[in-house]
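Me: I have a structure open and have not looked at it before. Can you walk me through it?

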Amino acid sequence: MGKEHLTPDYIFESSWEVCNKVGGIYTVLSTRAKTLQDRMQDRIIFIGPDFWKEKESPYFREDKALFAEWQWAAKESGLQVRVGRWTVPGEPVAVLVDFQPYFEKKNEIYGWLWEHYQVDSLHAYGDYDEASMFSYAAALVVESMYTFNIQHSTFTPDTRVIYHANEWMCGLGALYVNNKLPQIGTVFTTHATSIGRSIAGNQKPLYDYLFAYNGDQMARELNMQSKHSIEKQTAFNVDCFTTVSDITARECLELLDKPVDVVLPNGFDNSFVPKTIAFARKRKAARKRLLDVANALLGASLDDNTLIVSTSGRYEFRNKGIDVFVEAMNRLLRDKELNKPVLAFIEVPGWVGEPRKDLQERLSRPVGEKMEGALEVPQITHWLHNMSHDQVLGMMKYYDMHNRPEDNVKVIFLPCYLDGEDGIVNMTYYDLVLGNDLCVYPSYYEPWGYTPLEAVAFKVPCITTDLAGFGLWANSVFGHYGELEDGVKVIHRTDYNYSEVADAIKDAVAKFSNMSAKEVDHCRKNADALSKKALWSEFIKYYDEAYDIALRKAEARTHPQPLPKGGESE
């Protein structure tokens, strides 16, 4: 190597999850923002969808003075944008764009896409159109801003600019920028291949047969042609194609037929993890709240000696390992080695109807007032619209898990988004997670895995699998399969060893229940130490590599080297 990295003067980065809290990509971008903003000082510009018409976004603060002249020019040209700050650490510039106006020229846009890149949009359905129109609008923002800055001499032809598109949803825009603005270096990150997630979600074995799957054929079989097509063509045509872990890099190679240029592991910004005294106070408050909710629901008197365990994430029953978590807790009920009562929470947003009035009423009673027995359905904190068809409740019912007084393992489904306003717990996820003794994330399909990384950042030891990118990374840091004593236990998981995984979780929780306070403290310290190795300050170097690759290709396009004498290339 030996070469110095080319560094961008400006970065535009688009995602459906900019100022829009949907899933893990929001965490990736919002926690990385501070590291880039500290370095770039308002020269990192995030672009997200604007659908906050009636009410104000809780994640965005408009500022009409930011890039005021460009804002005026953009609106004159018909671009409907709002410029402001993303209200996350670092408060970077965010541009929200209204993509609705482009639906009327959808067919023309798809025609252009087919003509230039052979992207098949014919089989589009569901969120494909919405994502594509946003992606197109985001690219128009980049084009408008770039052109404006060139015209006003803020940019020169030598200004180094990166456009970073996240997920297939932003693929169309990446191809547009690649085509219309060849001087901009393009980076594309797939956080999970659409076809890989679909194979796993359709109960098909993904890993043992990965080498044999044909991505194009599977896309036809699973009715995923359009998403797969845009993802594959973007991967092939951008300057730098990236993903978030070695396990997903393998998936990209097999299903998209394209090796990634760089793996960009997901880091974390721990600036909001409370410091020593505040941490102890918040941990105590979180534990008290979790125990109060459980005791009110169960009519019980669980105390601080209870082992509090949880799993969380998106409601992907198999992919996130929610099924194997319930299985493990069921087996733990009969485990002779278990030395403490266990309170297990499943914190996964379901189809929530409303918070339970009977539970609210019990929680508002004076401290110490005796409660008569458990409430009806003592497994859930909020009523669901689909109580009789919910997978978690269905599995618990199948196993006759009814949180009886004599059961030493109680499992409670907390099926709402923990934003501090759910009506029962009324604490945010980050204020609650540090109350756990142990977190369990036995994922089957998990390109990276933020939940275990968040847990260890809050000093909570966790259990994950080697099918999660984070689990593989943890093993590589330890130099062996992680154990509880390391802060992260990494369980070997395959397409077919579900039962062994459930037993491994059961045994690990039982083992943890027998640890002394000193041993638990050792696990917590090691969890914390591992999280420090995954800070963005450690991982941003991989992004520098990706930016360098993209900028070199853009320079080669716009400043081609003269041929050697004789007219032949070497």
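What follows is a short chat about the sheet, the helices and some side-chain pairs.

Reply: This is a predicted model, in which local features need pLDDT of at least 70 and side-chain atom pairs count only at pLDDT 80 or more, while totals for chains, interfaces and linings use all residues. Residues are numbered from 1 along each chain as its sequence is written, and side-chain values use heavy atoms, with hydrogens and water left out.

Me: In what order do the strands of the open sheet come?

Reply: The order is β3-β4-β5-β2-β1-β6-β7-β8-β9, nine strands with mixed pairing. At the edges are β3 (60-62) and β9 (262-263), each pairing on one side only. Helices (H or I, at least four residues) and strands (E, at least two) are DSSP runs, numbered from the N terminus. Two strands pair if DSSP finds at least two bridges between them.

Me: How many bridges join β6 to β7?

Reply: Five, between residues 161-166 of β6 and 185-190 of β7, and these two strands run parallel. For example, H164 has V187 in β7 as its bridge partner.

Me: Which strands does helix α4 touch?

Reply: Helix α4 (residues 127-151) packs on the sheet and touches β1 (10-14), β2 (44-49), β4 (81-86), β5 (93-97) and β6. The direction of α4 makes about 145° with that of β2. Helix α5 (residues 171-180) also packs on the sheet, touching β6 and β7, at about 155° to the direction of β6. Contact means heavy atoms within 4.5 Å. Axes are lines fitted to C-alpha atoms, for helices over the stretch in contact, and angles run from 0 to 180 degrees between N-to-C directions.

Me: What aromatic pair do Y136 and Y176 form?

Reply: An edge-to-face one, 5.6 Å centre to centre with 85° between the planes. Y136 lies in α4 and Y176 in α5, so the pair ties together parts that are 40 residues apart in sequence. Y136 is buried at 9% relative accessibility, and Y176 is buried at 8%. Buried means under 20% relative accessible area, exposed over 50%, and partly exposed in between (1.4 Å probe, protein chains only).

Me: And why is the pair of Y398 and Y399 edge-to-face?

Reply: Because the ring centres of Y398 and Y399 are 5.3 Å apart and the planes are at 65°. The rule is that rings of Phe, Tyr and Trp (its six-membered ring) pair if their centres lie within 6.5 Å; planes under 30 degrees apart count as stacked, over 60 as edge-to-face and the rest as tilted. Y398 is exposed at 68%, whereas Y399 is partly exposed at 26%.

Me: How many aromatic pairs does a search of the whole structure find?

Reply: It finds 33. One aromatic cluster is made of F268, F272, Y429, Y430, Y450 and F458.

Me: Switching to charges. How many salt bridges are there?

Reply: The count is 38, where a salt bridge is a side-chain nitrogen of Lys or Arg within 4 Å of a carboxyl oxygen of Asp or Glu. One joins K288 and D292, at 2.7 Å from N to O. Those two residues are four apart in helix α10 (residues 276-298), so about one helical turn separates them.

Me: How far apart are the closest N and O atoms of R552 and D548?

Reply: They are 2.9 Å apart, in a salt bridge. R552 and D548 are also four residues apart, in helix α19 (residues 536-558). R552 is partly exposed at 28%, but D548 is buried at 7%. There is a network too, in which salt bridges link D50, E56, E62, K64 and R82.

Me: Is V326 buried or exposed?

Reply: Buried, at 0% relative accessibility. V326 lies in helix α11 (residues 322-332). Leaving aside neighbours within four places in sequence, V326 is in contact with I346, M395, M396 and M401.

Me: Last one. What is the phi of E167?

Reply: Positive, about 70°, although E167 is not a glycine. Most residues other than glycine have a negative phi. E167 sits in the loop between β6 and α5 and is buried, at 10%.
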